[in-house]
Amino acid sequence: MDIDGFENEFARFWIDGTILFFIYKDNVSINLEAAECIVADRIQFQNDVAYPIFCDARGIVSMDKPARDYLAQSGSLLIKAVGLLVNEQVSVMVSYFYLKINKPSVPTRLFTDQLAAIAFVSNYI
């Protein structure tokens, strides 16, 4: 099942097979309002079906604490697991901090390799 994608000012996403691919746009800053928009758009796009998500977060340049808190908790609705792709050392450190402090309510792991991230979320199909 392939579904046409959706795009907003922060990200684009689509479903390929049984995985939702979520790619943040380059140089985005995420505050609480943006996080709420992103989650609302994703949930509407998913049409009440939970998916494992491959999330390419390399385009994020900043995310404030209220946005991190929101995404870690409320942002987990209709998500089976998240493979979070990061590539810069700063992104890895910030993302690791996010995982340890915010403790997402679904299985979430960091990756620097796209195929490894996809393999991880494939375990949750």
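The legends below describe close-up views of a predicted model. Local features are given only at pLDDT of at least 70 and side-chain atom pairs only at pLDDT 80 or more, whereas totals for chains, interfaces and linings use all residues. Residues are numbered from 1 along each chain as its sequence is written, and side-chain values use heavy atoms, without hydrogens and water.

**View 1. N8 sits in the loop between strand 1 (2-7) and strand 2 (11-16).** Strands are DSSP runs of E with at least two residues, helices are runs of H or I with at least four, and both are numbered from the N terminus. N8 has a relative accessible area of 10% and is therefore buried, a word that stands for under 20% relative accessible area with a 1.4 Å probe, protein chains only. A polar atom of the N8 side chain lies 2.9 Å from the backbone nitrogen of A11. Beyond its neighbours within four places in sequence, N8 is in contact (heavy atoms within 4.5 Å) with F13, K25, C37, I38 and D41.

**View 2. The largest nonpolar core has 26 residues.** Such a core is a set of buried Ala, Val, Leu, Ile, Met, Phe, Trp, Tyr and Cys residues joined through side-chain atoms within 4.5 Å. L20, F22, Y24, I30 and C55 have the most contacts inside this core, and its largest share, five residues, comes from helix 1.

**View 3. Helix 2 has the buried residues A67, R68, L71 and A72.** These residues lie on the same side of helix 2, because they cover an arc of only 125° around the axis, the arc being that of the directions from the helix axis to the C-beta atoms.

Notes: Buried < 20%, exposed > 50% of the residue type's maximum accessible area, 1.4 Å probe, protein only. Polar contact = N/O pair within 3.5 Å; in protein donor to acceptor, adjacent residues only side chain to side chain.
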